[in-house]
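This report is a guided reading for someone meeting the structure for the first time. Please look over the sequence and the model below before going on.

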Amino acid sequence: MSLLPILDVVLASLVIGVAIFTISARELFASVVGYVAYGLLLAFVWIRLYAPDVALTEAAVGSGVTGVLLITAGKRLGALKNAAPEAQPGFAFKLLTAVLAALVASALGAVILMLPDPPPSLAPEAAAAADGAGAGLGNPITAVLMSYRSLDTMLEKIVLILAVVGVWSVGADKAWGKAPAPLRQQKPYAPMVFLAQMLAPVGALIAIHIFWTGANAPGGAFQGGALLAAMWMVTMMARLADPPRIDSQWLRLALVAGPAVFLISGLAGAVVAGAFFAYPPSLAKPIILFIEAFMVLSIAAALPMLVAGPPSERPD
Amino acid sequence: MTPSVLAGLTGAALVGFGLYGLILHPHPLRKLLAFNLMGSGVFLVFGIVARRGAVAGSRFDPVPQAMVITGIVVAFAASAIAVALILRLSAESSHVTLDPEVWTKPNDGTTK
Amino acid sequence: MITLLDLFSIAAISAGTFFFFAGTVGLLRFPDSLTRLHALTKADNLGLGLVALGLIPRADGALSALKLIVIWVLVLLSGGSTSQLIGRALRRGRK
């Protein structure tokens, strides 16, 4: 059946069309909506590239949570007074930029057309390393994330914490320790409250399922954590909960739990199994799931805090 | 043209569009959007490298895909910091722009 | 050899695709946002429901079929709520 090439061409042109709309839309809101739609289309492309885990992450984090971040930012920016009118650049400058962009794109395209054949692959090495360490999971990406490249994943969790600290430190000095501004200013509105009350429990269950089944099937800690974060954000948007104060103990514990457990496991591995981040082979799978559970908690705490923004002293 | 090559060329085109939008748009949030577009184009190129790394037994090479997953989350974290900085800058300078010549006009002394 | 179940799947998915097509035409051609919202809900509820119905015979087991139905119910829930929110925003005169 050869309908798939047509599907690929249609998908590619759709993606490029929506990307052009995102760049050339007049208003910020239209542009952000275009970006969210673009992210969902990109998830399709990832499925065609046999990458369901990446498709899940792109749909959840790349398009979903980033869309919420940008829309909230646009609203807060629009609420500021004195937004200066933007000066549009001249035609010559636009032409020059277009030429530059075309050059960069063609260079990248030439690289893609000249990729080495037969293609090199790290798959056998990663599989051998994971199997040798007893972490031969059904999902090779989880094995790579948690065993072959566990240091990278732990450092990435620390980057998330640094981002939260960075966002918090942008707030005014007087506001340190207070809570960020609520995600919506209005009083609770019944359909939104209904959505949050119905969606949040189901979404949390699905998130935990995606995390748990990520050991053997597409899924994993990042996707599950992003879903849990989205459920918390829906609850905050319905005003059923408000962003917590940034000096609350439980929030800081939740944020730090993931990287801390990861680091402690790595150091313990140095003592128990002989190398930094080596797991004892018979216990590798339970340890990986244990670490991933705390990673889910940290991601679910960090992403909404990144969207909520710096603490503000608004008396709300 | 295999799906991988098509997706890779799409990624290259997206990097071009993103670069165009990043340089041209005066509004900081639009620049951030274009930057995210560039980032997703780069991730697509990673994706085709992963797909081409298929060996006997698996349909893809998991290492680049793991890097893309990590990259998507880190790109979101960077966008969040950028948004926080843009919002604070706009609140302090009362102008929504990254053009330094607009900021140097004297402020009224009202701070947030 | 096309079995009866395959025929049912093809019929249901084609009907669902027709509703998606109709919804898209409505989105592009209707005059204002409220009518476009009305067109989109047809695509959401009927279109996705028929596609999910057509995919149920092809699912791997009862659990996968149940997941398909749960997906449809979740889309119904979020589609309905967001339509209410968009409708309220439109009535108040925002975009």
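## Chain A as a whole

Among the contacts in chain A between residues at least 6 apart in sequence, 74% join residues at least 24 apart, a contact being counted when the C-beta atoms of two residues, placed from the backbone, lie within 7 Å. The model is predicted, and local features need pLDDT of at least 70, side-chain atom pairs count only at pLDDT 80 or more, and totals for chains, interfaces and linings use all residues. Residues are numbered from 1 along each chain as its sequence is written, while chains are lettered from A and ligands numbered from 1 in the order in which they are written.

The secondary structure of chain A comes to eleven helices and zero strands, where helices (H or I, at least four residues) and strands (E, at least two) are DSSP runs numbered from the N terminus. Taken along the principal axes, the C-alpha atoms of chain A fill a box of roughly 60 × 55 × 35 Å. Of its 316 residues, 45% count as buried; a residue is buried if 20 or more other C-beta atoms lie within 10 Å of its own, exposed if 12 or fewer, and partly exposed in between.

## Two helices of chain A

Helix H8 (residues 190-213) and helix H9 (residues 221-237) of chain A pack with their axes 8 Å apart, at an angle of about 165 degrees. The axes are lines fitted to C-alpha atoms, for helices over the stretch in contact, and angles run from 0 to 180 degrees between N-to-C directions. H8(A) and H9(A) are therefore roughly antiparallel to each other, a description used for angles over 145 degrees, while those under 35 count as roughly parallel, 65 to 115 as roughly perpendicular and the rest as oblique.

Residues that make this contact include A:Leu195, A:Leu199 and A:Phe211 of H8(A), and A:Leu227, A:Met231 and A:Val234 of H9(A). By class, the contact of H8(A) with H9(A) has 18 nonpolar, four polar and no charged residues, where Ala, Val, Leu, Ile, Met, Phe, Trp, Tyr, Cys and Pro count as nonpolar, Asp, Glu, Lys and Arg as charged, and the others, Gly among them, as polar.

## A loop residue

A:Asn139 lies in the loop between helix H5 (123-132) and helix H6 (140-148) of chain A, and A:Asn139 is partly exposed, with 19 other C-beta atoms within 10 Å. Although A:Asn139 and A:Ala217 are 78 residues apart along the chain, their C-alpha atoms are separated by 5.3 Å. Not counting residues up to four places away in sequence, A:Asn139 touches A:Gly214, A:Ala215, A:Asn216, A:Ala217 and A:Pro218.

## How the chains meet

Of the two pairs of chains that touch, chains A and B have the most contacts, and their contact takes 69 residues from chain B and 80 residues from chain A. On the side of chain B that touches chain A, the largest share, 22 residues, comes from H3(B); by class, this side has 44 nonpolar, 18 polar and seven charged residues. Within chain B, the axes of H2(B) and H3(B) come within 10 Å and cross at roughly 175 degrees.

Eight residues of chain A are in contact with seven residues of chain C. H8(A) gives the most to the side of chain A that touches chain C, with seven residues, and the residues of that side divide into eight nonpolar, no polar and no charged. Chain B and chain C do not touch, and their nearest C-alpha atoms are 19 Å apart.
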